[in-house]
Amino acid sequence: MEPEIWKEPIEKELEKMRKYEVWELVPPPPGVNFLSTMWVFAEKLDGDGKVVGWKARLVGRGDSQKFGVNYFATSAAVVRQEVIRWGLSLATMNG
């Protein structure tokens, strides 16, 4: 992996975070342990599988989080099979 390829995607991600005010720098409270972060890199591919770009995301490491300290609830989108069948049949009927 060539590091210079990823410089622009990292800068784009950080610029978006600044634009949308994702964080605010504040002094840390005493005794607080911070969550670690890591960069996740991915190549963007076209329909033929050729690389057309790169993207980088800064993510919090979920394996270092503790329930009740770093988060208080989890959720996941759940769809019933009947709803999927209904949507597919509706799409089929409408071409």
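Contact here means heavy atoms within 4.5 Å, and by that rule residues 24 or more positions apart account for 41% of the contacts in the protein with a separation of 6 or more. This is a predicted model, in which local features need pLDDT of at least 70 and side-chain atom pairs count only at pLDDT 80 or more, while totals for chains, interfaces and linings use all residues. Residues are numbered from 1 along each chain as its sequence is written, and side-chain values use heavy atoms, with hydrogens and water left out.

**The whole chain**

Start with everything shown as a C-alpha trace, which spans about 60 × 40 × 25 Å along its principal axes. The radius of gyration, taken over C-alpha atoms, is 20 Å, whereas a compact globule of 95 residues would have one near 12 Å, by the rule of 2.2 Å times the number of residues to the power 0.38. If you colour by pLDDT, the predictor's confidence in each residue from 0 to 100, the average is 87, and 99% of the residues score at least 70.

Next, switch to a cartoon: there are two helices and two strands, in the order α-β-β-α along the sequence. Helices (H or I, at least four residues) and strands (E, at least two) are DSSP runs, numbered from the N terminus.

**Helix 1**

Just after helix 1, Glu21 takes a positive phi of about 50 degrees.

Now show the side chains of Trp6, Pro9, Ile10, Glu13, Leu14 and Met17, the buried residues of helix 1; buried means under 20% relative accessible area, exposed over 50%, and partly exposed in between (1.4 Å probe, protein chains only). What covers these residues includes strand 1 (37–45) and strand 2.

Is Glu13 buried or exposed? Glu13 counts as buried because its relative accessibility is 8%. Leaving aside neighbours within four places in sequence, Glu13 is in contact with Trp39, Ala56, Arg57 and Leu58.

**The hairpin**

Move on to strand 1 and strand 2, which run antiparallel and are joined by nine bridges; two strands pair if DSSP finds at least two bridges between them. One place to look is Thr37, whose bridge partner in strand 2 is Gly60. The hairpin has five residues between the strands, and Gly49 there takes a positive phi near 85 degrees.

**Trp54**

Finish at Trp54, which is found in strand 2 and is partly exposed, with a relative accessible area of 37%. Which residues does Trp54 touch, not counting residues up to four places away in sequence? They are Ile5, Trp6, Pro9, Ala42, Glu43 and Lys44. From Trp54, turn to Val26, which is 28 residues apart from Trp54 in sequence and 31 Å apart in space, C-alpha to C-alpha.
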